[in-house]
Amino acid sequence: MVIQLDSEPEEQEEQALSDFPDDGVLEITRVERQKKSDHRYIIHFGPYTMTVHEDVMIKYRMITGNSFIKADLEEIVVADERQRAYVEGLRYLERKPRTAQEMARRLRQKEIGETIIAEVVQRLQEERFIDDPLYAKQWAEQRLTNQRKGKMWIRQELREKGIDKSLIAEALENISPEDELASALQTGRKKWNMIRGEVVDKRRKTGAFLMRRGFPGEMVRQVINILLEEENAEGQEEDPYFMDY
């Protein structure tokens, strides 16, 4: 019988140990490594079996000859789910940082109970594997500098990742208006130069492009004016039409 990661700890115990006798002492008769898993072991109690993570097996000294009662094993079942959830959390963090909400969502997909999820997320936060304030700060800087996105876009992305509003505000405060304008101007200039046609078309398409990337209307107007000045400085005729964004 394999321990499943289902709803809550009490349900875990009932499902994992449903075949075990309620009374009497259960002695471990054999321990074997589970196939296709380097860190899980099958624990045999005569005709009864359960699987546990290696760390849990060591912690509770689940070796041949040692004895347990069912209440002991119920505690071990919960400890095992907690360990499996923690390992899954670390695996999810291997490729890139995650927010607390992203981690909780991932563990729910693995059918881990809410109580264990809360405990594991808290542990990962305490160990600084999950750090929402730092995540928000780095995300905002990266999106502005590398992706050329405005604050409004960044704010929405962080909301979708479950970052608290106060942390989002703090992260965006680190972005100065000058930095955001420089980013908007750089991406706006690139878009402007790619557009062929009349100045009115350049203005309209560039402005709409910047708005879609999350830059505020007043900043978009400022960028368009700068680009117009640059165009005029190159000897091109200025179009008097100005669209309000």
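Which residues of H6 are buried? They are Asp132, Tyr135, Ala136, Trp139, Ala140, Arg143 and Leu144, where buried means under 20% relative accessible area, exposed over 50% and partly exposed in between (1.4 Å probe, protein chains only). The model is predicted: local features need pLDDT of at least 70, side-chain atom pairs count only at pLDDT 80 or more, and totals for chains, interfaces and linings use all residues. Residues are numbered from 1 along each chain as its sequence is written, and side-chain values use heavy atoms, with hydrogens and water left out.

**Helix H6**
- Helix H6 covers residues 132-145; helices (H or I, at least four residues) and strands (E, at least two) are DSSP runs, numbered from the N terminus.
- The buried residues of H6 fall within an arc of 145° seen down its axis, so they line one face of the helix; the arc is that of the directions from the helix axis to the C-beta atoms.
- Pro133, found in helix H6, is partly exposed at a relative accessible area of 43%.

**Aromatic pairs**
- Rings of Phe, Tyr and Trp (its six-membered ring) pair if their centres lie within 6.5 Å; planes under 30 degrees apart count as stacked, over 60 as edge-to-face and the rest as tilted.
- By this rule the count is 4 aromatic pairs.
- Phe20 and Tyr48 have ring centres 5.3 Å apart and planes at 35°, so this pair is tilted.
- Phe45 and Phe68 form an edge-to-face pair, with 6.4 Å centre to centre and 85° between the planes; both residues are buried.
- Ring pairs link Phe20, Phe45, Tyr48 and Phe68 into a cluster.

Conventions. Expected span 1.5 Å × (residues − 1).
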